[in-house]
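Open the model in your viewer and keep the selection tool at hand. The stops below say what to select and what is there.

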Amino acid sequence: ISKVTFNVEQVSGAVTKALKTVVREGLTVIALAAYLLYLNWRLCLVFVVVIPIIATVVTYVGRHFRRYSRRIQASMGDVTQVSGEGISGYREIRIFGAQSGQRQRFGAASQYNRAQNLKLALVDGLSTPVIQTLLALALATLVWFALSPDILRGFTAGSLVAFLTAATQLGKPIRQLSEIQSIIQQGLAAAEAIFAQLDLDDEVDSGRYEVGRARGDISLRGVSFAYPGGDRLVLQDVSLEIPAGKTVALVGRSGSGKTTLVQLLARFYPPRQGVILLDGIPLQDYRLANLRAQLAVVPQHAALFNDTVYNNIAFGSQGTARQDAVFAAAESAYARQFIEALPAGFQTVLGDDGGGLSGGQRQRIAIARAM
């Protein structure tokens, strides 16, 4: 969430306001430098001496900007996570009297974010005066050289005034360019995180087989699985035959792999060993969307959306589901009676995650959605 909101905002600032300033002030600096070279190239050598020093300062400061920007982005993720948990888990926080602990967690995350922002502001506040001081010294040296009799001999009064005026005009655009460096570095650091996310591989979908309606014969043959990044096998050499039309209950203690098996059926993960078949066809041979069109899941915690009851039930086929089918699904899930008692019936807009409904009512809407 932090990447979608905060990081994108940083990139947006870098490619709008900052880019506009870079183009405008950069062209101004180039034009003034070209004019100074035209008037007297020897006096411009003073700036040539200062430019490497300024470049060193900019490079050094830029590294700090980028480092602090990455920390700020990470801390914004922590602030978003803690605040999100505090909002979604407010019942648990109150029933267990954990307000103080949650407040401390949020305070710690916010304080770290504040500290990194202050460090960024400190570096930003110091870099511009340093660069301006170097420019002022360069201008003072330039004026001192310009008033030398040898230099004045080749200068008219008008040319001298024009040269000094153009030289003093360099300060403002260079100052503005130095001031937006923090915005650019924040944007670059944010872009790294955003593009790292965008460059992640999509779900593997190399299958080509499609079916209108599967019979439902499920077969597991020697299936073993461990979650990515772990070596412990959650499932080990599991073989199972589930004929179509049969109701099968998988019973086991917590952590024995029941939910994992459902996730493998939905191809959220590939098995490490073995094969899973649907109607005799390996799951990986199905087109992913077609495979999942054959499945419906009602999880322990049913996720509902901030939308109407009707759209939550028709979630998998919005725009194509017939009204009578939605009503029939609600009837089959024993949900129609309480839905029609809501203020706007099926058009009642639910709160976030089904806010306004009891836990059992949320489950029944999830069952109707699956049907």
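Select Arg 322, which is exposed because its relative accessible area is 54%, over the 50% cut-off. This is a predicted model. Asp 324 counts as partly exposed, because its relative accessibility is 48%. Side chains of opposite charge can pair when their charged atoms come close.

Next, select Glu 203 and Arg 292. What joins the side chains of Glu 203 and Arg 292? They meet in a salt bridge, at 2.7 Å from N to O. This pair links distant parts of the chain: Glu 203 is in the loop between α8 (181-198) and β1, Arg 292 is in helix α10 (residues 288-292), and 89 residues separate them. Glu 203 is partly exposed at 47% relative accessibility, and Arg 292 is partly exposed at 26%.

Move on to Arg 287 and Glu 210, another salt bridge, where the closest N and O atoms are 2.8 Å apart. Here too distant parts of the chain are linked: Arg 287 sits in the loop between β4 (281-282) and α10, Glu 210 in the loop between α8 and β1, and the two are 77 residues apart. Arg 287 has 31% relative accessibility and counts as partly exposed; Glu 210, at 48%, counts as partly exposed.

Then select Arg 66, Arg 70 and Glu 192, which are linked in a network of salt bridges. The count of salt bridges comes to 11.

Val 23 lies in helix α1 (residues 2-39) and is partly exposed, at 44% relative accessibility.

Now turn to the pockets. Select Leu 295, Ala 296, Val 297, Arg 369 and Ala 370, which lie nearest the centre of the largest pocket, among its 32 lining residues. α9 (258-265), α12 (323-332) and α14 (359-370) are the elements that give two or more residues to this lining. Which element gives the most to the lining of the largest pocket? It is α12, with five residues. The volume of the largest pocket is about 1000 Å³.

Finally, select Gly 216, Ile 218, Leu 265, Leu 295 and Ala 296, which lie nearest the centre of the second largest pocket. Its space is about 880 Å³. The lining of the second largest pocket divides into 21 nonpolar, five polar and four charged residues.

Key: Residues are numbered from 1 along each chain as its sequence is written. This is a predicted model: local features need pLDDT of at least 70, side-chain atom pairs count only at pLDDT 80 or more; totals for chains, interfaces and linings use all residues. Side-chain values use heavy atoms; hydrogens and water are left out. On a 1 Å grid over the protein atoms alone, a cavity is a set of points where a 1.4 Å probe fits but cannot get out, and a pocket is an open set with protein on both sides within 12 Å along at least five of seven lines; lining residues have an atom within 4 Å of a point. Grid points are joined across faces, edges and corners, and a volume is the space filled by probe spheres set on the points. Helices (H or I, at least four residues) and strands (E, at least two) are DSSP runs, numbered from the N terminus. Ala, Val, Leu, Ile, Met, Phe, Trp, Tyr, Cys and Pro count as nonpolar, Asp, Glu, Lys and Arg as charged, and the others, Gly among them, as polar. Buried means under 20% relative accessible area, exposed over 50%, partly exposed in between (1.4 Å probe, protein chains only). A salt bridge is a side-chain nitrogen of Lys or Arg within 4 Å of a carboxyl oxygen of Asp or Glu.
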